Amino acid sequence: MKPVAIVTGASSGIGMAIAKRLGASGHHVVLVARRADALATLASSMASAEVLAADLASEEGVAAVAARIERGADVVINCAGFGQAGVFADLDIARESDVLQVNVVAVVQLTHAALRAMRPSRRGVVVNVASLAAFQPCPYLATYGATKAFLTSFGCALDHEMKGTGVRVVTLCPGYTRSGFQEANGVPADHLPSMAWQTVDEVAETTMAAIGAPRAIVIPGWMNWLSSLVVGFVPTWMAAAVSARTVGIPKSAN
Ligand SMILES: NC(=O)c1ccc[n+]([C@@H]2O[C@H](COP(=O)([O-])OP(=O)(O)OC[C@H]3O[C@@H](n4cnc5c(N)ncnc54)[C@H](OP(=O)(O)O)[C@@H]3O)[C@@H](O)[C@H]2O)c1
């Protein structure tokens with residue numbers, strides 16, 4: 001029987017690239033996102049895949065994915081995520097709550113389901129997709145950055161707890177990656193030099209290596225890795241100011 005991989009956020013970008021690689025490496029892949037048509041197109045190009053259309057901002061959506069994980073999973077990739085760029089006080093608070101729901105609450109619940117399902121067989125890997133945004137406060141993406149900081153703290157703690165069980169928790173922290181993310185979430189991107197960017201395939205390649213390597217935090221790309229180190233040496237307020245300049249202030253700012 002093929003090993004089973006469940007990938008959220010598989011309808012585009014990084015999640016789709018990871019799902020393709022998992023399929024090519026012999027997994028049966030469960031493709032999760034809201035856009036069922038995009039998932040069906042992807043599934044039809046893969047050797048063994050199924051579509052699970054679910055809105056991870058809803059309780060029912062998370063429950064459906066958790067139930068599929070409980071039926072058996074060797075790899076769970078929690079990649080679905082989004083943010084809302086702008087001055088926090090100007091943003092739609094219902095959408096900010098959805099950011100928390102998808103980026104944090106759904107990931108906590110699906111990780112819980114995965115660890116309980118994997119522990120008896122003493123094998124399995126959960127990869128939670130955080131971001132380089134996890135390492136410093138992110139003005140104009142404040143809620144998004146905080147959700148990714150949560151995932152990094154959460155994942156490292158869990159990976160420690162699971163030592164000796166055969167089950168691992170990896171937190172993946174990509175930097176700027178060319179996908180639909182920037183346009184969908186209003187994140188300025190044109191001002192950044194090309195060397196700042198990675199492709200979704202580069203990130204997916206690093207993810208595949210991370211599944212087989214005993215590391216709690218994985219940062220794709222040496223420049224991203226260096227920047228995560230440097231930020232540890234400056235005061236938090238200064239890191240926030242640098243982050244604001246790097247992100248580029250959205251037009252809605254004061
Ligand atoms: N691109 C970057 O620069 C970058 C950098 C660091 C980290 N990341 C992280 O990488 C992950 C993937 O981002 P990406 O770059 O691939 O962006 P993307 O192309 O916009 O993909 C986001 C994925 O999340 C899914 N999603 C969003 N809301 C959802 C919901 N309510 N329920 C279910 N699925 C939902 C989307 O599917 P549907 O719309 O079909 O539901 C889509 O498949 C995210 O967690 C993001 O925070 C991205």
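Author: Helices (H or I, at least four residues) and strands (E, at least two) are DSSP runs, numbered from the N terminus. Residue numbers start from 1 along each chain as its sequence is written. The model is predicted, with local features needing pLDDT of at least 70 and side-chain atom pairs counting only at pLDDT 80 or more, while totals for chains, interfaces and linings use all residues.

Helix 1 contributes the most to the shell around the ligand, giving three residues. The shell holds 27 residues (C-beta atom, placed from the backbone, within 6 Å), and those that come nearest are Gly13, Arg34, Arg35, Gly81 and Ser179. Two elements give two or more residues to this shell: helix 1, spanning 13-24, and helix 6, spanning 181-185. Sorted by class, the shell has 13 nonpolar, eleven polar and three charged residues. Here Ala, Val, Leu, Ile, Met, Phe, Trp, Tyr, Cys and Pro are nonpolar, Asp, Glu, Lys and Arg charged, and the others, Gly among them, polar.

Gly13 also leads us to a partner helix. In helix 1, Gly13, Ile14, Ala17, Ile18 and Arg21 meet Val200, Asp201, Val203, Ala204, Thr207 and Met208 of helix 7, where contact puts C-beta atoms, placed from the backbone, within 7 Å. This contact is made up of seven nonpolar, two polar and two charged residues. The axes of helix 1 and helix 7 (residues 200-211) come within 8 Å and cross at roughly 50°; axes are fitted to C-alpha atoms, for helices over the stretch in contact, with angles from 0 to 180 degrees between N-to-C directions. Helix 1 and helix 7 are therefore oblique to each other (under 35 degrees is roughly parallel, over 145 roughly antiparallel, 65 to 115 roughly perpendicular, the rest oblique). Their crossing is right-handed, with the near helix turned clockwise from the far one by less than a right angle, anticlockwise being left-handed.

Now for Val29, which belongs to strand 2 (residues 28-33). Beyond its neighbours within four places in sequence, Val29 is in contact with Ala5, Val7, Ala19, Leu22, Gly23, Met46 and Ala49. Val29 is buried, having 29 other C-beta atoms within 10 Å; 20 or more make a residue buried, 12 or fewer exposed, and in between partly exposed, with C-beta atoms placed from the backbone.

On the helix 3 side we find Val62, Val65, Ala66, Ile69 and Glu70, which meet Ala106, Gln109, Leu110, Ala113, Ala114 and Ala117 in helix 4. That contact has nine nonpolar, one polar and one charged residues.

Most residues other than glycine have a negative phi. Arg122, in the loop between helix 4 and strand 5 (124-129), has a positive phi near 55°. Tyr140, in the loop between strand 5 and helix 5 (142-161), has a positive phi of about 75°. Arg122 is exposed, with 10 other C-beta atoms within 10 Å, whereas Tyr140 is buried, with 24.

Terms used. Two residues are in contact if their C-beta atoms, placed from the backbone, lie within 7 Å.
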